[in-house]
Amino acid sequence: MDICLVIKQRLEELGLEQRDLAAAAEVTESYISQLLTRKKLPPAPGRTDIYDKIGKFLKLPGAKLSKLADDQRKEELKRNLGDPPNPLFKEVRELILQKCQHDKEQQVRAIFEKQPFGELERLVTEKLLDVVKRVAREELENETWLHSVTRLTGRSYEAMRVSILEFLETDVFNVSVENCESFLDPLIESWDIDLATFSMEIVLNRRLLPGRATRFEFVESEPALPEEEPGLTKFLQHLSVNGDATKEEIEFLKKLRVKGKHPTPLYYYRELQNLRDPVHFRELTTLPTTKKTLGPAQPEGSVAPMHKYLEADGIERQLQLNSRKKAMQQSAGNRGNRGKKQKAKS
């Protein structure tokens, strides 16, 4: 029975209008109108409370309305998408499971049998097909490879080429036993899956494709960072300035990241100064203390002369601020001294 007819008949029996139903269900009258005229598909019962509200208002069981809505959704989806896909052939599933790593086979088999052609089985089958189809596409013009596969499958060279062309047109919903016997079986050595992250590793036949293995990851991760920030690259180009930087110091600078910003060369210059300043670190008691000459006493070629090359305007401004601060301190000191002298005279 159609849920739209049930609701319409009940409204008529109770002498109610669509706007009354809309108010009771806490939705717009337009929404109710679209539902009852089938312009809008009934919402999935598991994602709404509308059927309980409608049932209470119309004195109908909410569970009955939910069941009718679910049936109507399935029928509509069938019309739009066709019948649901058939499960894999038993022989196809068995071959795929035989290729699974031995320690995972029973666990994966249990999932396959519990959810025939469910998400996991489709995922595994699709990735195996993708890998083998890519190999077949790459090797289609390779006569040596084709002859090798021909010997394994017992087919003629011409028949194998036709079989490859047909195989390239198949998909996870139409893979056949013949596809598996001709391609998945001879080309795939084994596959493994991490059921926590759904990452897959597929190892191909070493006789036909030596050294070939493919790994798929399905874990969300941060985008890869650039190997080196532009500001650091520019800083490292000033060899006359940072030529004495050690490998460890440069590796430290490379690891520095500021989210959403790109540091300037001056930033790396100052970080290197901070790294070398013993004031910023506690000495290890088990190691002898070594002294470093820093600041104005640094030898030519150390990091200090970076002032000559990087961010000259910024450094000049900093020097001006330091000069003003020093002048203000001196001025305050002079006023204090004059006050003391006046008190002494009086």
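**Cavities and helix packing in a predicted model**

The largest cavity holds about 110 Å³ of space. This structure is a predicted model, in which local features need pLDDT of at least 70 and side-chain atom pairs count only at pLDDT 80 or more, while totals for chains, interfaces and linings use all residues. Residues are numbered from 1 along each chain as its sequence is written, and side-chain values use heavy atoms, with hydrogens and water left out. A search of the whole structure finds 2 cavities of 30 Å³ or more. A cavity is a set of points, on a 1 Å grid over the protein atoms alone, where a 1.4 Å probe fits but cannot get out; its volume is the space filled by probe spheres set on the points, which are joined across faces, edges and corners.

**The largest cavity**

- The lining (residues with an atom within 4 Å of a point) consists of I3, C4, I7, I32, L35, L36, P42, P43, I50, Y51 and I54.
- Two or more lining residues come from each of α1 (3-14), α3 (29-36) and α4 (50-58); helices (H or I, at least four residues) and strands (E, at least two) are DSSP runs, numbered from the N terminus.
- This lining has 11 nonpolar residues, no polar and no charged ones. Nonpolar covers Ala, Val, Leu, Ile, Met, Phe, Trp, Tyr, Cys and Pro, charged covers Asp, Glu, Lys and Arg, and polar covers the others, Gly among them.

- About 40 Å³ of space lies in the second largest cavity, and its lining is formed by L95, I96, K99, L128, L184, I188 and W191.
- By class, the lining comprises 6 nonpolar residues, no polar and 1 charged.
- In α6, the buried residues (under 20% relative accessible area, with a 1.4 Å probe and protein chains only) are V92, R93, L95, I96, L97 and K99.
- The cover over these buried residues includes α7 (102-114), α8 (119-139), α11 (177-187) and β1.

**The packing of α9 and α10**

- Helix α9 (residues 143-153) packs with helix α10 (residues 157-167) at an angle of about 100 degrees, and their axes are 9 Å apart. Axes are lines fitted to C-alpha atoms over the stretch in contact, and angles run from 0 to 180 degrees between N-to-C directions.
- The two helices, α9 and α10, are therefore roughly perpendicular to each other, a term for angles of 65 to 115 degrees.
- In contact (heavy atoms within 4.5 Å), E143, W145, L146, H147, V149, T150 and T153 of α9 meet Y157, M160, R161 and I164 of α10.
- This contact of α9 with α10 divides into 6 nonpolar, 3 polar and 2 charged residues.

Conventions
On a 1 Å grid over the protein atoms alone, a cavity is a set of points where a 1.4 Å probe fits but cannot get out, and a pocket is an open set with protein on both sides within 12 Å along at least five of seven lines; lining residues have an atom within 4 Å of a point. Buried means under 20% relative accessible area, exposed over 50%, partly exposed in between (1.4 Å probe, protein chains only). Angles under 35 degrees count as roughly parallel, over 145 as roughly antiparallel, 65 to 115 as roughly perpendicular and the rest as oblique.
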